[in-house]
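Hi,

Here is the structure I promised to send over. Have a look first, and my notes follow below.

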Amino acid sequence: CSEVQSLAAAFDKMAYRLLASDRAHGDLKPENIIATPTGELVPIDFDSAFIPSLAGRPSAEIGTAAYQHPKRDFQLFDNHLDDYSIALISTILHAATIDFSIIEHFRETREFALQPRDIIAGKCGLLEEYIEEFARRGDALHYRLARMLYSQWPHLFTLKQTLSFSYAESPDFDIEDATLEQEGGLWGCRNSEGWIIPPLYDGGFEPTEGFMVTSLGGYTHLLSIAERRVVHSFAKGITAKPVKDGAIAIRDGSGQRQNIPLDTLL
């Protein structure tokens, strides 16, 4: 629903501000976050916080287990303290925009169905379902965040950069200058001014006629460069070639090919 979508977006914005600062909360969880009348989320209760002047000391607390990586201990005390909590809560909230039962479960039990110990142990099939759905929808940012939850280490070193793509200023849109680029083994599209489509996809083709074909988790997506968003997603197993003469050529798992006019997909 729209309320959950707004809440999820507000959490990501709050999380990025926290990651961009030089401190960490240390016990990030729903009980330690309040919503303002304007819809902004604000963390409270900084008893477990890290600040630069405390660098080199052990932590006084290790946070609430339901939102922390199982390997967090008292020796882990730096500005990465909130990494796992942020990735977990963001995943939960964006999953709730797809499956509201995750919120109902929390209301009934006061805990979420995604538990860090189960995730790290490979015993959380529900997370795999949400990762699959993020891939199907072409939500590359939250697909990447959700996959970070399998990390065997509490520090998620690409988290800040990944979230930053939601808030980076849009470069000047010179479609003719747009080109396929990779960073850290992931693919996106940029021009001379910066990233247009962030490098979060498994693969992609050079942009043509204002569109770009990308792949994510086994799904093929068609993105509008000017709108910076997915405009059509294909069923799993279908591959596509770049747009040419206002049409896109696709091929299914059996090898059958089809040429589809672009205006029928938009």
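Start with R23: its charged end sits over the ring of F46, 4.4 Å from the ring centre (that is, NZ of Lys or CZ of Arg within 6 Å of the ring centre and within 35 degrees of the ring normal). R190 does this too, with its charged end over the ring of W195, 5.2 Å from the centre.

Before you read on: this is a predicted model, so local features need pLDDT of at least 70 and side-chain atom pairs pLDDT 80 or more, while totals for chains, interfaces and linings use all residues. Residues are numbered from 1 along each chain as its sequence is written, and side-chain values use heavy atoms, without hydrogens or water.

There are 3 aromatic pairs (ring centres of Phe, Tyr or six-membered Trp rings within 6.5 Å; planes under 30 degrees apart are stacked, over 60 edge-to-face, the rest tilted). Y67 and F112 are edge-to-face, because their centres are 6.4 Å apart and their planes at 85°. F106 and F112 are stacked, at 4.3 Å centre to centre and 20° between planes. Y67, F106 and F112 make up one aromatic cluster. F106 is buried at 11% relative accessibility (buried is under 20% relative accessible area, exposed over 50%, partly exposed in between, with a 1.4 Å probe and protein chains only), and F112 is buried too, at 9%.

On the cysteines, the whole structure has 0 disulfides (cysteine sulfur atoms within 2.5 Å). C124 is buried at 9%, and C189 is buried at 0%.

Cheers
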